[in-house]
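Please look over the charged pairs and the nonpolar surface in the structure shown here. The report that follows takes these topics in turn.

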Amino acid sequence: AYIVYRGPAAPVLVAVHGISRNAAELAARFAESPHFAGWTIIAPLFEKTRFGQYQQMGTHGGQTRSDLAMLTLLDEVADSYACDISAPAWFGFSGGAQFCHRFALLHPKRVAAAYCVSAGWYAMPDAALAWPFGIGSGAPLPCDLAAALKVRLTVAVGEQDLRIDGSVRQSPLINMHQGETRLRRAKRWTRAMQRAADRLDAESHVKLELLAGGVHDFAICARETAMMSLAAAALSAYVTGKQAATA
């Protein structure tokens, strides 16, 4: 992981890369952003050979489950830096957004808030669909959907993120439930989470944000859209809540 440490009392952001594995770029962008001044930044690097399907917590071919590795990393960082990261804030772009929302479904108590940008596709809140398409059979852990709905999770996607290429997985099952583009899939997952909350007579804390001018490129979104300021605003509730709890 790339770590920018701001002190034991600083709020913590875990920033998860996409399939380009640009962890260093994420760490640098957030460390330099005035919107995240004073934050400790942890940018894990999921090496391809060991974590080829890190977005899905997959273990095909003897790979390591990425969620368990992430939990181990957080414990080690907590020990090394004497900071409380029992439930940090999370940011993910593309494949990182896939990881973050699935991590929140499996480990909701370890996620205070998350900002998930431009995920290729989602685990639908449907126990009739097998993992990673849904939260049913094959899931690494039982999903406590009621607990997951309490996580403050923002789904963000560029208004111009409409291109369908090799990085946007196409399959009859995904397309039937989620649509074909990242924009359509973000909208459908957000609505599905709201319907799940309605079924459970619960409140959903999942919301959708559209990034004006946004395309499927982290650097462009960081430079040319309001992504960084919007992420900071969405995650500031985590900072306020944590400070109030420890006051």
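In which helix does Tyr-81 lie? Tyr-81 belongs to helix 2, which spans residues 66-81, helices being DSSP runs (H or I) of at least four residues and strands runs (E) of at least two, numbered from the N terminus.

## Basis of the model

This is a predicted model, in which local features need pLDDT of at least 70 and side-chain atom pairs count only at pLDDT 80 or more, while totals for chains, interfaces and linings use all residues. Residues are numbered from 1 along each chain as its sequence is written, and side-chain values use heavy atoms, with hydrogens and water left out.

## Nonpolar patch

Ile-3, Tyr-5 and Tyr-81 make a nonpolar surface patch of about 230 Å². Tyr-81 counts as partly exposed because its relative accessibility is 31% (buried means under 20% relative accessible area, exposed over 50%, partly exposed in between, with a 1.4 Å probe and protein chains only).

## Salt bridges

The structure holds 4 salt bridges (a side-chain nitrogen of Lys or Arg within 4 Å of a carboxyl oxygen of Asp or Glu). In one of them, Asp-161 meets Arg-182 at 3.1 Å, N to O. Asp-161 sits in the loop between strand 6 (152-158) and helix 5 (172-178), and Arg-182 in helix 6 (residues 182-199), so the pair ties together parts that are 21 residues apart in sequence. Asp-161 is buried at 2% relative accessibility, and Arg-182 is buried at 2% as well.

Lys-207 pairs with Glu-209, their closest N and O atoms being 3.7 Å apart; Lys-207 is partly exposed at 41% relative accessibility, whereas Glu-209 is buried at 16%.

Definitions and conventions:
Patches are made of residues with over 30% relative accessible area and no salt bridge: like charges are joined within 9 Å, nonpolar side chains (Val, Leu, Ile, Met, Phe, Trp, Tyr) within 5 Å. Accessible areas come from the Shrake-Rupley method with a 1.4 Å probe; for residues, only the protein chains shown count as cover.
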